[in-house]
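Here is my note on the structure you sent. Please read it with the model open beside you.

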Amino acid sequence: MAIVGVGGLGAPAAAVLAASGASLALFDYDRVELSNLPRQPLFGTHDLGRPKVEVAAERIRATFPSTRVEARSCRIDETSARAVLEGMDVIVDATDGLPAKALLNQVALDLGTPLVHAGVLGLDGQLFTILPRRSACLRCLFHELPAEDDLPTCQQAGVLGPVVGAVGIAAAREALDIALGRPPRLADRLAILDGSRLRWREIGLGRDPACHACGDPA
Ligand SMILES: [Zn+2]
């Protein structure tokens with residue numbers, strides 16, 4: 001399975017998936033920075049400046065030698081995304097930023113690959129699973145994506161390590177179910193973690209027939 005983004009969401013997800021024996025392909029273009037360390041438990045001060053995927057893969061191989069893990073230090077963009085993600089049984093979206101999430105949504109629809117969407121801002125996390133053209137996609141929820149300038153970034157809003165980690169690990173659980181052929185719990189259900197009260201709640205979703213991304217052609 002593919003984990004796109006090996007930061008606060010993706011590193012804990014990768015760690016627990018590796019422990020369960022899943023084959024992993026880790027995608028991230030970033031290097032380890034000091035500001036990452038409070039919420040990204042696979043990395044330490046001696047890793048500063050190294051590509052995150054390399055460090056993460058190294059740690060996973062050292063702890064779980066029989067787990068297959070591939071480190072891909074590449075930027076996933078409009079031109080590369082389909083080619084590098086083709087053939088994956090499930091994709092975990094552990095990126096930050098709406099443009100990356102919208103791109104992964106579109107790529108998952110194009111490839112017909114299930115996508116577990118995970119995101120955190122401030123003390124709130126959200127998680128749901130997209131089964132292409134069978135359950136609601138990101139664009140069924142947001143017809144028009146807000147302009148990036150209208151949204152606070154993780155740096156502006158802040159994120160709390162344990163909240164991000166909890167959402168990342170819940171995303172891993174969804175991905176594992178899909179990889180094992182079990183029905184995901186969060187297709188057409190949006191799980192929201194209120195990190196200030198440590199409370200999960202769920203909202204039912206449904207596909208929008210008029211969705212620009214997954215809707216039926218007129
Ligand atoms: Zn849709």
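Predicted model: local features only at pLDDT ≥ 70, side-chain atom pairs only at ≥ 80, totals over all residues.

The points below go from the whole chain to single residues.

1. Along its principal axes, the C-alpha trace spans about 55 × 35 × 30 Å.

2. **Make-up of the chain.** The secondary structure consists of seven helices and eight strands. Of the 218 residues, 49% count as buried. Consider the contacts with a separation of 6 or more: residues 24 or more positions apart account for 60% of them.

3. **The sheet.** Eight strands form an open sheet with mixed pairing. Read across it, the order is E3-E2-E1-E4-E5-E6-E7-E8. Which strands stand at the edges? They are E3 (69-72) and E8. Each has a single partner strand, so one side of each is left without a neighbour in the sheet. On average, neighbouring strands are turned by 15 degrees against each other, direction ignored.

4. **One strand pair up close.** Strands of a sheet pair through backbone hydrogen bonds, either parallel or antiparallel. E5 and E6 run antiparallel, and seven bridges join them. One place to look is Val116, whose bridge partner in E6 is Thr129.

5. **Helix H7 on the sheet.** H7 packs on the sheet, where it touches E4 (91-93), E5, E6, E7 and E8. The direction of H7 makes about 175 degrees with that of E5. H7 has 19 residues and reaches 27 Å from its first C-alpha to its last. That is close to the 27 Å expected at 1.5 Å a residue. After H7 comes Gly181, with a positive phi near 80 degrees.

6. **The buried residues of H7.** Which residues of H7 are buried? They include Val163, Val164, Val167, Ala171, Ala175 and Ile178. Glu174 and Asp177 are also on the list. The buried residues of H7 pack against H1, E4, E5, E6, E7 and E8. An α-helix has 3.6 residues a turn, so residues three or four places apart point the same way. Keep that in mind when you trace the helix.

7. **The nonpolar cores.** The largest nonpolar core has 39 residues. Ile3, Leu24, Leu26 and Phe43 have the most contacts inside it. Elements giving two or more residues to this core are H1 (10-19), E2 (24-27), H2 (52-63), E5 (115-121), H7 (161-179) and E7. H7 gives the most, with seven residues. Another core, of 27 residues, lies apart from this one, and among its members are Val4, Leu115, Ala136 and Cys214.

8. **Ile3 as an example.** What does Ile3 touch, not counting residues up to four places away in sequence? Its contacts include Gly10, Ala13, Ala14 and Leu17. They also include Leu24, Ala25, Leu26 and Phe27, as well as Val92 and Ala94.

9. **Two backbone angles to check.** Most residues other than glycine have a negative phi, and most peptide bonds are trans. Arg133 is not a glycine, yet its phi is positive, about 60 degrees. Arg133 sits in the loop between E6 (124-130) and helix H5 (138-141). Leu198 also has a positive phi, near 50 degrees. Its place is the loop between E7 (189-194) and E8 (199-204). Are these residues buried or exposed? Arg133 is partly exposed, because its relative accessible area is 41%. Leu198 is exposed, because its relative accessible area is 69%, and the cut-off for exposed is over 50%.

Terms used. Residues numbered from 1 in each chain as written. Heavy atoms only, no water. Helix = DSSP H or I, 4+ residues; strand = E, 2+ residues; numbered from the N terminus. Buried < 20%, exposed > 50% of the residue type's maximum accessible area, 1.4 Å probe, protein only. Core = buried A, V, L, I, M, F, W, Y, C linked by side-chain atoms within 4.5 Å. Contact = heavy atoms within 4.5 Å. Pairing = 2+ DSSP bridges. Axes fitted to C-alpha atoms, helices over the stretch in contact; angles between N-to-C directions. Expected span 1.5 Å × (residues − 1).
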